[in-house]
Amino acid sequence: MESITIKDVARLCGVGVSTVSRAMNNHPDINQETKEKIMQVIRDYNYVPNNSARNLKRTDARTIAVLIKGITNPFFSRMIKVFEEEIQKKKYSFVLQHVDNKQDEVDVAIELEKEKRLNGIVFLGGFFSHSEEKLKQIPVPFVLSTIGLVGTADKDEYASVSVDDVKESYKMTDYLIKSGHKRIAIICADNDDESIGKLRLEGYKMALHDNGIELDESIICPMKEELDGYSMENGYAVTKELLESGKEFTVIYAISDSVAIGACRAIVDAGKKVPQDYSVAGFDGLDLGTYYNPSLTTIRQPVKEMAEATIKILFDLIKKKPAENHRIFEGELIQGESVRKLN
């Protein structure tokens with residue numbers, strides 16, 4: 001989207017440039033209705049004051065922002081550490097911005113770019129379903145990292161780094177079935193999820209179908225919206241409710257390791273054992289899962305390689321070098337001690 005000037009804002013509002021300036025500076029000598037109209041146009045068109053001056057200074061700012069949704073997930077802390085190291089190696093500053101689940105990350109990015117004169121942005125985690133028009137409003141290069149984009153946006157409009165969440169979730173579900181489990185409960189994302197949660201649920205459903213197992217909606221268990229997503233607390237709460245419901249299942253597949261560990265704790269607190277009474281599987285490959293007792297069966301994502309690829313692509317885009325805009329990494333099935341073979 002072309003940048004607009006203060007003259008454009010004035011023309012769109014049918015006022016003078018001085019009136020726009022007074023509105024932006026919260027001057028008392030302006031009609032409230034006129035001020036609101038001006039501020040709405042500024043928001044709608046993402047007007048940036050002194051745009052040319054800012055662009056001249058952008059190269060001096062040397063700042064990269066990482067916008068993160070799902071900050072409670074330990075998986076992201078490992079990626080952030082690599083991001084920070086790689087960005088600092090290139091002599092750039094690093095800004096970490098938490099995005100609330102109810103916030104629009106693109107709107108947050110646009111505002112942060114105005115404030116910090118960013119050179120590039122990494123979107124990490126969360127839901128991401130935006131139109132091409134929306135993505136074009138982001139004024140600097142950006143990469144979606146560990147985000148399975150669901151939507152209609154043209155792949156040329158963004159860069160991404162991820163595993164194939166459908167394929168890897170299929171791999172885990174198929175492994176559980178081949179281990180003799182037919183009643184596989186899944187702790188998945190809530191119904192609003194348009195990203196990895198939706199894709200991992202899709203992989204689960206496909207594996208059941210391909211193995212001739214009928215889908216039972218009663219053991220598809222979304223995380224609780226009132227609790228932090230992808231957290232141990234959420235896994236615990238959902239599993240406690242599932243156990244108390246009396247529904248029949250032999251294994252819980254949680255779409256993140258944090259949720260899986262919460263599920264294990266709920267099983268133990270109910271006087272049962274993992275995997276003797278119920279098996280549990282996760283997704284991510286957290287170190288915590290390796291040292292948990294019993295060690296967690298999971299899909300390990302190659303965190304370091306994915307984080308390094310994210311930063312390489314971002315800097316290639318910033319420097320206008322040819323970039324491999326979409327990298328898909330292979331996950332690894334880790335057979336821990338938390339899944340019992342029934343055959």
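Predicted model: local features only at pLDDT ≥ 70, side-chain atom pairs only at ≥ 80, totals over all residues.
Reader: What is the mean pLDDT of the chain?

Author: The mean is 88, and 89% of the residues reach 70 or more, pLDDT being the predictor's confidence in each residue, from 0 to 100. Over residues 51-57, however, the value is below 50, and beyond near neighbours in sequence that stretch has seven contacts in the model, where contact means heavy atoms within 4.5 Å.

Reader: How many helices and strands are there?

Author: The chain has 13 helices and 12 strands, taken as DSSP runs numbered from the N terminus, with helices being H or I of at least four residues and strands E of at least two.

Reader: What is the strand order in the open sheet?

Author: The six strands run in the order β2-β1-β3-β4-β5-β11, with parallel pairing, and two strands count as paired if DSSP finds at least two bridges between them. At the edges stand β2 (93-98) and β11 (326-329), each of which pairs on one side only.

Reader: Which strands pair with β3, and over how many bridges?

Author: Strand β1 (residues 63-68) pairs with β3 in the parallel sense over five bridges, with Ala65 standing opposite Ile121. Strand β4 (residues 142-145) also pairs with β3 in the parallel sense, over four bridges, and there Leu124 stands opposite Ser145.

Reader: Are the residues of β3 buried or exposed?

Author: Five of the five residues in β3 (residues 120-124) are buried, that is, under 20% relative accessible area, with exposed meaning over 50% and partly exposed in between (1.4 Å probe, protein chains only). Both faces are covered, with Gly120, Val122 and Leu124 on one side and Ile121 and Phe123 on the other.

Reader: And at the β11 end, which strand pairs with β11?

Author: Strand β5 (residues 159-163) pairs with β11 in the parallel sense over four bridges, and the bridge partner of Ser160 is His326.

Reader: Switching to the chain as a whole, what share of its residues counts as buried?

Author: Of the 343 residues, 51% count as buried.

Terms used: Residues numbered from 1 in each chain as written. Heavy atoms only, no water.
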